[in-house]
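Colleague: I would like to learn how to read aromatic contacts in a model. Please take me through them step by step.

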Amino acid sequence: MQRQEFVQQLWLDYVHTHPDIGALRLWPLSAAAEYLTLVTLNYGPFSATALSSNLAHMGYRAISHYAMADKGLLVHLLAPSDGSSWLVLAELQIGTLSKAPREAIEGLVRQSHPQDCKGHNLLCRGRPWPMPSWALYQQLQQAHPLAAWLAVMGPRLHHAGFDCGQLGEPLAVLDQRLQEVGMLSLQEQQNGVFTVSSLLDHRFYPTTPQKAVFADGDEHRLCLGGLALVQKHVEHSHERLADVLLPHHTRCEMA
């Protein structure tokens, strides 16, 4: 699989999961996301280390790493060899969970179908293990919201981030347009995964809650991702927006 096909598969899965984003016509359909935020966990074939060879084969180069101890995350920033979307790979460190939720999510992962544990299926084909029960989802939600998200979604694209400068409109204008179609932003520098640098203006728009059918057949509506808009404070800086996305103090050297 080549990078263009990989990104297309990610995007198709994303808009299928979030049809309200797929229906947006507020900017040209040809506009590429500045970055794609993927969420995974450091266990088995889904760890960032295990994924790195496939991503490197498609021309993604590790640029920097970020440690967010308060969120139990390592975040890996990967740049493509061309000007396309960067990848922000957020890896939940399940060792930060207490014993019961850690063993629960490990048990789910061990039930993954073998075909979904190799190659590029790891990130493009949705949840590779059976749907959890509602009780297990609630247990994981209490332990760590991203553990619960992973239990339902699997390693996957959580949200796409767009650079307002590339879209040709200021954040305030695009924010108003999204409000008019019923998408309201969170007011903090949060996106459900990591905290965004204060060097940027950032809005995250959760998608409409979608119906999820749990293992015992009960149905609940959950918000499982969203859309981000980001704008530089200094528009003429030459850095790619993705390279200044995360707070500088979280950057770390990996041995």
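**Aromatic rings**

Modeller: Trp 11, Tyr 14, Trp 27 and Phe 162 form one aromatic cluster. Keep in mind that this is a predicted model.

Colleague: How many aromatic pairs does the count come to?

Modeller: Rings pair if their centres lie within 6.5 Å. By this rule there are 8 aromatic pairs. One involves Trp 11 and Tyr 14, whose ring centres are 5.1 Å apart with the planes at 55°, so this pair is tilted.

Colleague: Where do Trp 11 and Tyr 14 sit in helix H1?

Modeller: Helix H1 covers residues 3-17, and Trp 11 and Tyr 14 are 3 residues apart in it, which means a separation of about one helical turn.

Colleague: Is Tyr 14 buried or exposed?

Modeller: Buried means under 20% relative accessible area. Tyr 14 has 1% relative accessibility, so it counts as buried. Trp 11 has a relative accessible area of 31% and is therefore partly exposed.

Colleague: What are the distance and the angle for the aromatic pair of Trp 134 and Tyr 137?

Modeller: Planes under 30 degrees apart count as stacked. The rings of Trp 134 and Tyr 137 are 5.4 Å apart centre to centre, with 15° between the planes, and the pair is stacked. Both residues lie in helix H6 (residues 134-143), 3 residues apart, or about one turn of the helix. Tyr 137 has 10% relative accessibility, so it counts as buried.

Colleague: Which residue lies over the face of Tyr 60?

Modeller: That is Arg 3, at 5.7 Å from the ring centre of Tyr 60.

How values were computed
Residues numbered from 1 in each chain as written. Predicted model: local features only at pLDDT ≥ 70, side-chain atom pairs only at ≥ 80, totals over all residues. Heavy atoms only, no water. Phe/Tyr/Trp six-rings, centres within 6.5 Å; stacked < 30°, edge-to-face > 60°. Helix = DSSP H or I, 4+ residues; strand = E, 2+ residues; numbered from the N terminus. Buried < 20%, exposed > 50% of the residue type's maximum accessible area, 1.4 Å probe, protein only. Lys NZ or Arg CZ within 6 Å of the ring centre and 35° of its normal.
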